[in-house]
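Have the model open as you read, and take the points in any order you like after the opening one.

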Amino acid sequence: LALGLAALFFSSAGAFFLVLCRLPGVSLCSGGGFATLLVYHVDFAVLVWFLAMAGVYLSSTGPAGRLEWPALLLAWIGAFALLLAPAQGPAPPILANYFPVLANPLFLGGMAAMGLGALLLVVNRLLQGADALGVVVAALAMLCALVVFVLTGAPLVGSPQTPEAMEKLFWAGGHLLQHAHVLLLASLWLWLQGRENPEFTSPGWLQWLFMLALLPSLAGIFLTGAPPEEYTRLMRWTSWWVVPGVAWVLARQWRASGLGEPFGWLSLLLLLLGLGMGVVVREQTLLVPAHYHGAVGAVTLGYMGLTRRLFVEWQVAAPGSRLDRWQPLLFAAGVVLLVVGLAVAGFSGLPRKTPGMDHPWEGAAALGMVLAAIGGLISAASSLWFVVRAVPLWWRVQHKGNLGLFAMTALGIAAIAAVLEGWPTATPPPAVVPPPRQTELERRFQQGVIMLHAKQYEHALTSFHWVLKQAPKMAEAHVNLGFALLGLNRVKAAEDFFRGAIELRPFQANAYYGLAQTLEVRGELREALGAMRTFIHLTRSDDPFLPRARAALWEWESRLKGAPQQTPQGPPRETPADKPHGSG
């Protein structure tokens, strides 16, 4: 519970800054700052907060077991690793679907520790049994998602941390984990209702419906390695099976005995809103975050209700407090405004994962983002209010001896940070060129750039080959040599040099631009989309190649959908001489 409250605090604080970054004229989070902040906001919300509170719920629905403490320890280790990852050195953000990451071994190791902790927690619940079948089904669904993460991640061990690799790692398992969270939430609604009204019992047919809802998770394991759209189609038509049945049972109960605490029915309404938005998603616009903010808000509100119910049962809070009744209402109202605003902006064509300064503001788009900003601020403020109210209650449950534990934790974090501060950087040092030859190296490099612009690709190859003999770790030379090879239609060799540049310097933006172009030539449009999106996220907001990159995204997405190819408004498609070459 302490880990969950801390994660909710960090995520809600990050939401404030993201709302500001979305406003027009605000350059607070330009370039990589916006993407990095988005990584931490999303991961602390849907990874740390969700898994920590799933642990609270699973631990409350059956007898304890020996695996609970190792699971908790791994969860804390993973959360600390996420926080301390930037101390290892600069790492580019990769905005993969479901779980954006920093391309950093410590960050990915922290995510792996969280996943292993979740695995131990689920196995412990299945071994010890649970009070309700819905809890067992939800635990099995989470187990299926973790199995798919292992199956898709095992072939990627040791490979470069590229956008394509991260997309493959999180796509399939992310869809199944989303389904598991829906099942956990549905069983949590029933659990909360049973705590409020001990006479309440679930009908037998609802148990069968929970078992039927496990089939998509089992099918997801057999779909491992299938095209990405298969998982999207699976979740679109199967992830909500159990929701109408649970909603019908709860509606009858609420009609007979009153609504009671607002957490449960407000959470249900938010989930229905999120699922409705998911039906209309067709493109990578703000409709996508409109869909998942509704669903994430529903799960968050459900876990807030769980926390509130536990405080009442632990006799540190009184049921029915007027102040605590306003908090979930404000949170739900903020999420509704946020979702509606994002949906209006999404229907206007605004792209996702970009700050406000990166797109025009006019008409419905501006109205939508203003609504989203107001809703985001309200929901983030009410989340922080919940944490501020919850921490003193949590503290009353603890023993004074835990002061020593907190002191040891603080000292441990300080010690780890000090060690990482002095640790050799993970980024290889730049090649050192002897002073007498430095001028010649620069001259040959600039000569190669001039040859590229003149489309004299053979001469450019000669220049950059000479440069790489003197400075084999110069990422810019690898990139420009790749552009020269691309001009000669030697696509495979060009791709190797682009990937080599990314291995040398993962945040070399123009390497992703060139990689996207080679992948397009080879017909791998989905991978090309991921590489080009990474270029957009890494490059400066005033980069003259941003319009061309976005025009390419528009064209490739249209081709993937089978739409008639039209020339998008903007600059024409460039030749290799017009690529964003490195400056050396």
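1. Let us start with a charge and a ring. R444 lies over the face of W466, at 4.5 Å from the ring centre. A charge counts as sitting over a ring if NZ of Lys or CZ of Arg is within 6 Å of the ring centre and within 35 degrees of the ring normal.

2. A word on the basis of this note. The model is predicted, so local features need pLDDT of at least 70 and side-chain atom pairs count only at pLDDT 80 or more, while totals for chains, interfaces and linings use all residues. Residues are numbered from 1 along each chain as its sequence is written, and side-chain values use heavy atoms, with hydrogens and water left out.

3. Next, the aromatic rings. A search of the whole structure gives 19 aromatic pairs. Rings of Phe, Tyr and Trp (its six-membered ring) pair if their centres lie within 6.5 Å; planes under 30 degrees apart are stacked, over 60 edge-to-face, and the rest tilted. Y40 and F44 are a stacked pair, because their ring centres are 6.1 Å apart and their planes are at 25°. The two residues are four apart in helix α2 (residues 32–60), which means about one helical turn separates them. Helices (H or I, at least four residues) and strands (E, at least two) are DSSP runs, numbered from the N terminus. Both Y40 and F44 are buried, where buried means under 20% relative accessible area, exposed over 50%, and partly exposed in between (1.4 Å probe, protein chains only). Ring pairs also link Y40 and F44 with F9, F10 and F107 into a cluster.

4. Which parts does the pair of W49 and Y303 tie together? W49 is in helix α2 and Y303 in helix α12 (residues 287–313), so the pair joins parts that are 254 residues apart in sequence. Their ring centres are 6.3 Å apart with planes at 85°, so this pair is edge-to-face. W49 is buried at 1% relative accessible area, and Y303 is buried at 2%.

5. Helix α2 also holds H41, which is buried, with a relative accessible area of 15%. A polar atom of the H41 side chain lies 2.9 Å from the backbone oxygen of S11.

6. Do look at how two helices pack. Helix α5 (residues 133–153) and helix α6 (residues 163–196) meet at an angle of about 175°, and their axes are 8 Å apart. Axes are lines fitted to C-alpha atoms, for helices over the stretch in contact, and angles run from 0 to 180 degrees between N-to-C directions. The angle makes α5 roughly antiparallel to α6, a label for angles over 145 degrees.

7. Two residues deserve a check of their backbone. Most residues other than glycine have a negative phi. Y98, not a glycine, has a positive phi of about 75°; Y98 is in the loop between β1 (93–94) and β2 (101–102) and is partly exposed at 27% relative accessibility. N489, also not a glycine, has a positive phi of about 65°. N489 sits in the loop between α18 (475–487) and α19 (491–504) and is exposed, at 58% relative accessible area.

8. Finally, F210 is in helix α7 (residues 204–213) and is buried at 1% relative accessibility.

Conventions:
Parallel < 35°, antiparallel > 145°, perpendicular 65-115°, else oblique. Polar contact = N/O pair within 3.5 Å; in protein donor to acceptor, adjacent residues only side chain to side chain.
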